[in-house]
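The sequence and the structure come first, and the discussion follows.

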Amino acid sequence: MLRRISFLVALIFLSTDSFAKTSIAEIGDLFEGMVPAYAFGMAVGKRDWEGAKQFGYSFGASQATVHGLKAFVDAERPDGSDNKSFPSGHTAMAFTGATFIHKRYGLQSAVVPYLMAGFTGYSRVYADKHYWHDVVAGAAISSLFTWIFVDKYSNLQVSASPDSVKIRVRIEL
C-alpha cells in the first residue's frame, strides 16, 4: 500500500501539467475523509474502544476549534471566495487521523496517513483555497488536541481481586 500511495503522490508532483487543479483538490478532499476514517476504523478493528473514544474527543475538539476560529477570524481565501480561510479544516481533519495513529499505535503505522494528510494540505494551497499558514495552523491545532486527548495503546490488561491477580496480554499479528 505504501508503494501505491508513494507512486500516486510522486506522479502528481512530477506531472502537474497533466492534472487539472480540480483533480489535485479532489484527491485532497478524498484524503481529508480517508485518513480519519482509517484511524477510527483501526481503533474499532483492534476492539480498542478507549482509543475510539479518545479519537472522538480529539476530533471533536479539533473541529470545534477550527470552525470557531473560522467564524471569528476574518481571513479571505486566496481565490476570494469567502472569508473562512484560517485555519484549514481539511488539513485539520486529515492530521487528526494521522496524529491519532502516531500517538496511539506508533509512528511506523502513521507514515502513509501522514503522507496523505500532508498531501491534503498541499492540495488546499494548490487549489487556492488556503495559504500555507492556514494549513500549518490546521495541522497544529489537530495535532495539539490529539496529543492532549490520546494515550499510547497498551494491550496489557491487569485486574486484581482479593483472591487473585490476573494479567492478560493480547498479542496481535
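Helix 4 is mostly covered, with 16 of its 17 residues buried, where buried means under 20% relative accessible area, exposed means over 50%, and partly exposed lies in between (1.4 Å probe, protein chains only). Helices (H or I, at least four residues) and strands (E, at least two) are taken as DSSP runs and numbered from the N terminus. This is a predicted model, in which local features need pLDDT of at least 70 and side-chain atom pairs count only at pLDDT 80 or more, while totals for chains, interfaces and linings use all residues. Residues are numbered from 1 along each chain as its sequence is written, and side-chain values use heavy atoms, with hydrogens and water left out.

The expected span of a helix is 1.5 Å times one less than its number of residues. For helix 4 (residues 89–105), the 17 residues should therefore span 24 Å, and this agrees with its end C-alpha atoms, which are 24 Å apart. After helix 4 comes G106, whose phi is positive, near 110°.

## Overall arrangement

The protein contains 6 helices and 2 strands, which follow the pattern α-α-α-α-α-α-β-β along the sequence. Of its 173 residues, 43% count as buried. Among the contacts with a separation of 6 or more, 66% are accounted for by residues 24 or more positions apart, a contact being heavy atoms within 4.5 Å.

Two packed helices are described by the angle between their axes and the distance between the axes. Here the axes are lines fitted to C-alpha atoms, for helices over the stretch in contact, and the angles run from 0 to 180 degrees between N-to-C directions. The axes of helix 4 and helix 6 come within 8 Å and cross at roughly 35°, and the crossing is right-handed; a crossing is right-handed if the near helix is turned clockwise from the far one by less than a right angle, and left-handed if anticlockwise. On the side of helix 4 the contact involves T91, A92, F95, T96, T99, F100, H102 and K103, which meet V135, G138, A139, S142, S143, T146 and W147 of helix 6. By class, this contact has 6 nonpolar, 8 polar and 1 charged residues, where Ala, Val, Leu, Ile, Met, Phe, Trp, Tyr, Cys and Pro count as nonpolar, Asp, Glu, Lys and Arg as charged, and the others, Gly among them, as polar.

Helix 3 (residues 49–72) and helix 6 (residues 132–149) have axes that come within 9 Å and cross at roughly 150°. The residues in contact are Q54, Y57, S58, A61, S62, T65, V66 and L69 from helix 3, together with I141, S142, F145, T146 and F149 from helix 6, and by class they comprise 7 nonpolar, 6 polar and no charged residues. G60, in helix 3, is partly exposed, with a relative accessible area of 33%; G60 and S142 are 82 residues apart in sequence and 9.6 Å apart in space, C-alpha to C-alpha. The cover over the buried residues of helix 6 includes helix 3, helix 4 and helix 5.

## Nonpolar cores

A nonpolar core is a set of buried Ala, Val, Leu, Ile, Met, Phe, Trp, Tyr and Cys residues joined through side-chain atoms within 4.5 Å. The largest one has 13 residues, and those with the most contacts inside it are F31, V35, M116, A117 and F119. Helix 2 (21–45), helix 4 and helix 5 (107–126) each supply at least two residues of this core, and the largest share, 5 residues, comes from helix 5.

Leaving aside its neighbours within four places in sequence, V35 is in contact with A94, G97, A98, P113, M116 and A117. Apart from this core lies another, of 11 residues, among them A39, M42, F55 and V150.

## Backbone features in the loops

Most residues other than glycine have a negative phi, and most peptide bonds are trans. In the loop between helix 2 and helix 3, R47 has a positive phi near 55°, and R47 is exposed, with a relative accessible area of 62%. D128, in the loop between helix 5 and helix 6, has a positive phi of about 65° and is partly exposed, with a relative accessible area of 32%.

The peptide bond from F86 to P87 is cis, with omega near -10°, and P87 is found in the loop between helix 3 and helix 4.
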